[in-house]
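Trainee: Before we discuss anything in detail, could you put the sequence and the model up, and then take my questions one at a time?

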Amino acid sequence: MQTTEVGQNSEIKQVIGSLCIMNNRFMNFMLDDNKKAAQVFLRVILEDDKIKVRNVRIQSFIQNIYGHSSQLDILAQDSKGRYFNVEVQRSDEGAPARRARFYSSILDTHFLQPGKLYEELPDTYVIFITENDVLHDNLPLYNIRRRIDENAKCFEDGSRIIYVNSQRRDNTALGKLMQDLYCTEPKNLHYQEFAERMEFLKYSKEGEEKMTDVIEEYAARKAEALAKEAVKEAAKKAAKEAEEKEQANRIELAQGLLADGMSIEFTVRHSKLTEAEVRELASKLSA
């Protein structure tokens, strides 16, 4: 029993050790109520060292009574009252343009209170950090704003959508940030604000306890994988037994046909056995 627990603890430590910030759940822990780390993200992506994060929350659920509701990965607010929604998307299907548009709109409906003027609507930024270059122009970052077609001027409505291509990991500030997203060891991180948090989460008892749901998710995935493997093995066993039974039926039919004097060719055709198998049965019958 003790050996099993030691093995499980070792597996858990391996799982925690392999986590990087591009893991959606781990990023939540890295940024949850961590204003310094969230500030690094926003300052680097927006190239604005004056951003001061006032608060940051993870998994913020925004209810939409008229339609689709949303759960935002990271929601931060800065000292100017601007809101920043940061989403990590490892799947290309998770970062379509219309999803970004929807998230932008749901922020607007949530943060304009009844009776307030439209001019009081805060600036919002929806930031998708994607594993692949989903917009396919090999740019490190895509700033998306509305513009007037006739004169190409920006239509300043206070909303921006940004796609960050995490495949671009050069030695620029943004490239180093992208390198950090895939780093699993605190000592190898470029940004100290991430290193301190990762050190706490991965190498302290308190940090491990804080990530209980990550461990539970790992256990659930493992249990699911074992269950699928058991189903697969049972299906293979059933298929093998069915094939063996079918083969026995073919042999029984072939033996009957041969005993009734049917030819080798006729028996092969009707029993579905190979000619070699039928000839072997015939030789045994005539022995």
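Trainee: Which residues lie nearest the centre of the largest pocket?

Mentor: This is a predicted model, in which local features need pLDDT of at least 70, side-chain atom pairs count only at pLDDT 80 or more, and totals for chains, interfaces and linings use all residues. Residues are numbered from 1 along each chain as its sequence is written, and side-chain values use heavy atoms, with hydrogens and water left out. A pocket here is an open set of points on a 1 Å grid over the protein atoms alone where a 1.4 Å probe fits, with protein on both sides within 12 Å along at least five of seven lines, and lining residues have an atom within 4 Å of a point. The largest pocket has 15 lining residues, and those nearest its centre are R101, S104, I144, R146 and I161.

Trainee: Which element supplies the largest share of the lining of the largest pocket?

Mentor: Helices (H or I, at least four residues) and strands (E, at least two) are DSSP runs numbered from the N terminus. Two of them, α4 (97-111) and β6 (159-165), each supply at least two residues of this lining. The largest share, six residues, comes from α4.

Trainee: Is N165 buried or exposed?

Mentor: N165 is placed in strand β6, and six of the seven residues of β6 are buried, so the strand is largely enclosed by the rest of the structure. Buried means under 20% relative accessible area, exposed over 50%, and partly exposed in between, with a 1.4 Å probe and protein chains only. At 2% relative accessibility, N165 counts as buried.

Trainee: Which backbone oxygen does the side chain of N165 reach?

Mentor: Contact means heavy atoms within 4.5 Å, and, leaving aside neighbours within four places in sequence, N165 is in contact with T130, N132, D133, L139, P140 and M178. The side chain of N165 comes to 3.3 Å from a backbone oxygen, that of L139.

Trainee: Which residue stands opposite N165 in the strand pairing?

Mentor: Two strands pair if DSSP finds at least two bridges between them. Strand β5 (residues 141-144) pairs with β6 in the antiparallel sense over four bridges, and there N143 stands opposite I162. Strand β4 (residues 124-130) pairs with β6 in the parallel sense over seven bridges, and the residue opposite N165 is T130.

Trainee: Which elements are included in what covers the buried residues of α5?

Mentor: The buried residues of helix α5 (residues 173-181) are L174, G175, L177, M178, D180 and L181. One of these, M178, is also among the contacts of N165. The cover of the buried residues includes α2 (24-31), α3 (35-46), β4, β5, β6 and α6 (192-203).

Trainee: How far apart are the C-alpha atoms of I251 and K272?

Mentor: I251 lies in helix α8 (residues 212-259) and, at 28% relative accessibility, counts as partly exposed. Not counting residues up to four places away in sequence, I251 touches L273 and L281. I251 and K272 are 21 residues apart along the chain, and their C-alpha atoms are separated by 9.2 Å.

Trainee: What is the phi of D33, about which I am curious?

Mentor: Most residues other than glycine have a negative phi. D33, in the loop between α2 and α3, is exposed with a relative accessible area of 60%. Although D33 is not a glycine, its phi is positive, at about 55°.

How values were computed: Polar contact = N/O pair within 3.5 Å; in protein donor to acceptor, adjacent residues only side chain to side chain.
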